[in-house]
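Work through the exercises below with the sequence and the 3D structure at hand. Each task is followed by a solution in steps.

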Amino acid sequence: MKPSRWQQVTYRHPYLFALLLLVVAFTANVLLQPNLLDPMTLNSNMRVFLPLILVAIGQAIVMIGGGIDISVGSIVSIVNAILATQIGLSGDLSTAGMVMGMALLVGMGAGALNGLFIAYLRLQPIITTFATSFIYAGLALFILPNPGGGVPSRLTAFYRETIILWLPLAFYVIGLFLLAWGIVRRTRYGRYLYAVGCKADAAYETGVPVRAVQFSTYVISGLMAAFGGIAMTLLTGSGNAQVGDPLTLSSITAAVIGGTPLSGGAGGIAGPIIGAVILGLIRNIISFANVATWWQTFVNAAIIVLALAMPGIINLVRRRNS
């Protein structure tokens, strides 16, 4: 069946819907928060959005490869628990750097375990990562049974207050990851990633190392979740073994909004970054409008259901019209 004009446009520009939604959410925010573009307000918003942005980047890469990672929120919680208990409020910078490096390795290890089960033992991604999410959540609670601990105030101040050339620190972090993705996208690995997500069997027949590519996407997702955990810890300044729970559904929603289909083989990371910002702006709207917070979960879930149903709805309408 020939794709519709809308499908052709959205395939060439997967982040188009996200941009339209961003304009609507941004306009509503400006009406509710007139000083939204003030450097301090912009920094206040972006430092809150950054943990989800980082986790959504990893989630999008897994989805491009044809998988999904339900365990990212629990990995964020593990990293937060490690940092809050091992650095301490009076820790020095060298200790903080060493513990952060260890936390990144833990995130990659958790992603590698997911990748081992899914890529080499051929288990279903959604079931596997759902199961491992409970293991990681249990480990986070084992490390930090009760909320507490923390990191030195100079680290949280650096994260919260750094503005360079009128732009918050978060913009520079996002720029670095966009640059890295732009390089990876043009390599052989980047081409393999899309080929595996589009049709793994056909990619295997053409010599693509399908299992290695799938395994790598989960390692990258674990690493990005660990970066998200570090950002979350620097944002809150304290530890909570359940702090990452809301990020799982939000990261999937951000990737879907940003044009990364759950079926894989398309999308990028620019769209999910915009999607994460949109979710943050929606959270602001809900907060400023004094709407019940459960609407945020409802909106996230509704977007995913709509994204899943949209191809079927479009085909149904086309069949009726023809």
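**Exercise 1: the core**

Task: find which residues L83 touches, leaving out those up to four places away in sequence.

Solution. Contact means heavy atoms within 4.5 Å. On that basis L83 touches G88, V99, M100, A103, G150, V151, G229, I230 and T233.

The model is predicted, so local features need pLDDT of at least 70 and side-chain atom pairs pLDDT 80 or more, while totals for chains, interfaces and linings use all residues. Residues are numbered from 1 along each chain as its sequence is written, and side-chain values use heavy atoms, without hydrogens and water.

A nonpolar core is a set of buried (under 20% relative accessible area, 1.4 Å probe, protein chains only) Ala, Val, Leu, Ile, Met, Phe, Trp, Tyr and Cys residues joined through side-chain atoms within 4.5 Å. The largest one has 67 residues, and I53 and L83 have the most contacts inside it. Helix α3 (residues 39–64) gives the most to this core, 12 residues; helices are DSSP runs of H or I with at least four residues, numbered from the N terminus.

**Exercise 2: a helix pair**

Task: how are α12 and α13 oriented to each other?

Solution. Helix α12 (residues 247–257) and helix α13 (residues 270–288) pack at about 120 degrees, with axes 7 Å apart. Axes are lines fitted to C-alpha atoms over the stretch in contact, and angles run from 0 to 180 degrees between N-to-C directions. Angles under 35 degrees are roughly parallel, over 145 roughly antiparallel, 65 to 115 roughly perpendicular, and the rest oblique. The two helices, α12 and α13, are therefore oblique.

Methods
Buried means under 20% relative accessible area, exposed over 50%, partly exposed in between (1.4 Å probe, protein chains only).
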